[in-house]
Amino acid sequence: MNELNLKEQLELKILKLSEAIWENKVRNPEITKWLSNFATNTDITHCEQIHALYLLSNFMYFGNKEIRELLKSIYRDKIKNPLMQQIRKENGNTKNFALIKEKYDKALKETRFLGLGNPSESGTHLLYFFRQENGLTKNLFINTHDILNIKKRVSGNLLDREISLKDPNIKRYIFLDDICGSGSQAISYSEDLLKEIHNIDPSIEVSYFSIISTSHGLRNIKSRTAFKHVDCIFELDESYKCFSDNSRYYEGVEKKGISKQFTHEFCLRYGLQFFNGYDSLGFNDGQLLIGFSHNIPDNTLPIFWHEKSWAPIFKRYSKVY
């Protein structure tokens, strides 16, 4: 298969994906501009443009429709069904649906949903869709500052704090997130908050659920936080890490001239122009090929989204501190 045929096939596949799933975010002009970042070569095995197109053809993009469906799955599979099963078990495995519903409604009133991060970040952005798709009332959603009352007073030269729960009737807090890569954000964000909550009432359940998570990220959060439940809908094992030893993206493609080693080399070379060391292939060496309609995670390869002296194929909205 020659270079032209393979390039045409990859571009056609990408355009079909864009039309069917990617909400038309990628079209011919965007592809052409993005490819201008990369070197070309008549030899497929050394053509950066062909290899970049191959990566793009394997990109997993989650549009609004898919995100809404996944948020319904979080509520149904990670929250509602387990809670109803718990209610049944606590009531002698009853099949009395009216009783189960009554107790579930009470449990739901004692639950609050939050986004991970401050109100401008992606975790909280998802709450609007989550509430709509699952028919939940607005009063079940709060910000983190709605959990604790903190009163400060000066005693001599010391600053004393009195901490209490704003609503002691709440039995569970559930944090939602779009993606968990390394787990570092969930760990740093929740450390002090969970400690304060459990110091006041150890029986309160605090859970963390994401749409997508790496296996590594889930393990980190489970081992390093006090969340009672940590789970996701779509778990990414090591095969989703683009250049891992068991990467799913390079099985049987060598005969087409696609080389993992060559792709790794130029992605790393360009990545090192953007970031130092461990973040050159995505935050904390993420190496992911993933994006959402509302943003592109920084765990994804930077060649897709970096903007400085580079033409990205997807727009990423970085945090501004």
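## Leu-126

Not counting residues up to four places away in sequence, Leu-126 touches Ile-67, Leu-71, Asp-177, Asp-178, Ile-211 and His-294 (contact means heavy atoms within 4.5 Å). Leu-126 lies in helix α6, residues 122–133 (helices are DSSP runs of H or I of at least four residues and strands runs of E of at least two, numbered from the N terminus). With a relative accessible area of 0%, Leu-126 is buried (under 20% relative accessible area, 1.4 Å probe, protein chains only). Its C-alpha atom is separated by 17 Å from that of Arg-316, 190 residues apart along the chain.

## Basis of the model

This is a predicted model, in which local features need pLDDT of at least 70, side-chain atom pairs count only at pLDDT 80 or more, and totals for chains, interfaces and linings use all residues. Residues are numbered from 1 along each chain as its sequence is written, and side-chain values use heavy atoms, with hydrogens and water left out.

## Helices α3 and α9

The axes of α3 (residues 48–57) and α9 come within 10 Å and cross at roughly 95° (axes are lines fitted to C-alpha atoms, for helices over the stretch in contact, with angles from 0 to 180 degrees between N-to-C directions). Helix α3 is therefore roughly perpendicular to α9 (65 to 115 degrees).

In α3, Glu-48, His-51, Ala-52 and Leu-55 meet residues of α9 that include Phe-262, Phe-266 and Tyr-270.

## Ser-244

Ser-244 is in the loop between β7 (229–236) and α9 (260–274). Ser-244 is buried, at a relative accessible area of 9%. Apart from neighbours within four places in sequence, Ser-244 contacts Glu-238, Ser-239, Lys-260 and Gln-287.

Technical notes. Buried < 20%, exposed > 50% of the residue type's maximum accessible area, 1.4 Å probe, protein only. Parallel < 35°, antiparallel > 145°, perpendicular 65-115°, else oblique.
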